[in-house]
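The following exercises are to be worked through with the sequence and the model in view. Each task is followed by a solution in steps.

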Amino acid sequence: MIPFSQNPNFKFSFFILLFSVSHLLVLNSGFELDDSLTYIWPLPSEFTSGNETLTVDPTLSLSVSGEGGDSKILKEGFERYKKIIFKHVYGVSVFDKLRGIRSAYDISELKIIVNSDSEELQLGVDESYTLFVAKNDGKSIVGEATIEANTVYGALRGLETFSQLCSFDYGTKSVQVYKAPWYINDMPRFAYRGLLLDTSRHFLPIDVIKQIIESMSYAKLNVLHWHIIDEQSFPLEIPTYPKLWKGAYTKWERYTVEDAIEIVSFAKMRGIHVMAEVDVPGHAESWGAGYPDLWPSSSCREPLDVSKNFTFDLISGILSDMRKIFPFELFHLGGDEVNTDCWTSTPQVKQWLNDHKMTAKDAYQYFVLKAQEMAISKGWTPVNWEETFNAFASNLNPRTVVHNWLGPGVCPKAVAKGFRCIFSNQGVWYLDHLDVPWEEVYNAEPLEGINSVSEQSLVLGGEVCMWGETADTSDVQQTIWPRAAAAAERMWSEREVGSVGNVTLTVLPRFHYFRCLLNQRGVQAAPVTNYYARRPPTGPGSCYEQ
């Protein structure tokens, strides 16, 4: 019997197979980057590049200086990015070792200068940085890669940009920086660049929330708006009122105080704020699972009962407990979609309204303002959905941040009255609206209709919203990404970036590239141009052309 590998038919078949595979490789290797574009996402404010290719030492060392150089946040950030940059590099090549070759690298050290030792993470923290990457000029032992920032959070943004400049070359099995030398001077356009995450409609495990926070840092988003609680479930532990989390879906779908503290800490290490939300007086039916007295009646369960002191004592207790967890200065109090029928149809609440000479609308205002007072007394600035502004703008606390969602035109009205505003127009920035294409997300403008510079400064920024009715662990990441990144560039980069030329030519190739970068980092970002968001690929093809 002839050995299989010596059979002439096998050899012929093998040759045909090799030819077919090589032919396919040729067919599928046609994608080339457009050298006229800059593949950094979001695009930096100011940059120059050259035409050199530099190699980066897989044993890249960190050199720190400045008052904030010893920061744990900085050092852990460097180690995280080092793992990302050198994911495919395992030290000196086996073949180089056999030949006794010791490779010389252009970049062997990353210098990071942080001018402040403050690690306080509050709204408007300085996230600017400069990044310089150049070849050894002959005067230095190592090549030059330097990040300088006023705060450790600016340094983190610089590390993200540096990581995007670094590319693994499969031919040389080395990390390279193309188009060097690079000089980048960068800062965000808006202080608030958010993503809402809803863990009430579907519970999301802690590890999944951490993965989402990690992915946010890749696009330089900096606020996780944690919509923890809603009418369907109350998953968070509140020690002062321990029966509240009886409103969780099950005893396994809960967050302990320690879980929440861990989320806040994890986010801070990546320069991300966590803004919690307790939506009152509507969207709160789940509260009554543990404390039924909060319902106007057993058959009419929301809004929360405005007539009882117990309701406000409990809200105060929730806020006191949550203040120990969430240090960010903004706290979201909801206030949206309040249907007051339960108040006017429940005898004891209706009697209370009559006794206090209030209409249901008056009671809605009373409830919102009382909750605002509580939050302010605990050192928070209140954020409320736009219905509160639409209903009684003149009576809102002047510190209120108005959160737009229903449609365009609200932020111009809010800032005209001196309020600060967050833009989340549902027509373009609600990620659960699966039929909104990437270019509509990208072209949305938080400052639309606002021409006065002083009024523009009152727009804190914007937020894309991942409402959870149809998103859980199985599909949340591919619903968030890549469209959230389109909004992220709008909030970070200069306004003119997306308005020059045809976005299909100037932005889409860069957007494809960033989506593939997310995939390479383990983020389940869906194809860019499928008609419905989060749909899988329709057939074979390169990531860069989906």
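Helices (H or I, at least four residues) and strands (E, at least two) are DSSP runs, numbered from the N terminus. The model is predicted, so local features need pLDDT of at least 70 and side-chain atom pairs count only at pLDDT 80 or more, while totals for chains, interfaces and linings use all residues. Residues are numbered from 1 along each chain as its sequence is written, and side-chain values use heavy atoms, with hydrogens and water left out.

**Exercise 1. Backbone geometry**

Locate the cis peptide bonds at Pro42 and Pro281, and the loop that holds Lys173.

Solution.
Step 1. Pro42 is in the loop between helix H1 (8-27) and strand E1 (46-48). Trp41 and Pro42 are joined by a cis peptide bond with omega of about -10°.
Step 2. The loop between E11 and H7 contains Pro281. Here the cis peptide bond is the one that joins Val280 and Pro281, with omega of about 0°.
Step 3. Lys173 sits in the loop between strand E6 (166-169) and strand E7 (174-180). Although Lys173 is not a glycine, its phi is positive, at about 55°.

**Exercise 2. The two domains**

Describe how domain 1 and domain 2 are placed and what area they bury between them.

Solution.
Step 1. The domain assignment gives domain 1 (46-186) and domain 2 (192-496); such bounds come from an automatic or database domain assignment.
Step 2. Taken over C-alpha atoms, the centres of domain 1 and domain 2 are 38 Å apart. To the contact (heavy atoms within 4.5 Å), domain 1 gives 19 residues and domain 2 gives 21 residues.
Step 3. Buried area is the accessible area (1.4 Å probe) that two parts lose on being put together, summed over both. For domain 1 and domain 2 this comes to about 1700 Å², with 54% of it on carbon and sulfur atoms.
Step 4. Of the area that domain 1 buries against domain 2, 38% is supplied by Leu121, Leu123 and Arg157, more than by any other three residues.

**Exercise 3. Salt bridges**

Which residue forms a salt bridge with Arg80, and in which helix do Lys72 and Glu76 lie?

Solution.
Step 1. The rule requires a side-chain nitrogen of Lys or Arg within 4 Å of a carboxyl oxygen of Asp or Glu. The structure holds 18 salt bridges, and the rule finds two across the interface of domain 1 and domain 2.
Step 2. Arg80 pairs with Glu214, and their closest N and O atoms are 3.6 Å apart.
Step 3. Helix H2 (72-85) and helix H4 (152-165) each supply at least two residues of the side of domain 1 that touches domain 2.
Step 4. Lys72 and Glu76 form a salt bridge at 3.7 Å, N to O. Both lie in helix H2, four residues apart, about one turn of the helix.

**Exercise 4. A disulfide**

What is the handedness of the disulfide of Cys300 and Cys342?

Solution.
Step 1. With a disulfide taken as a pair of cysteine sulfur atoms within 2.5 Å, a search of the whole structure finds three. One of them joins Cys300 to Cys342, S to S 1.9 Å.
Step 2. The torsion about the S-S bond is about -100°, so this disulfide is left-handed.
Step 3. Cys300 lies in the loop between strand E11 (273-276) and helix H7 (309-323), and Cys342 in helix H8 (residues 341-345). The pair links distant parts of the chain, 42 residues apart.
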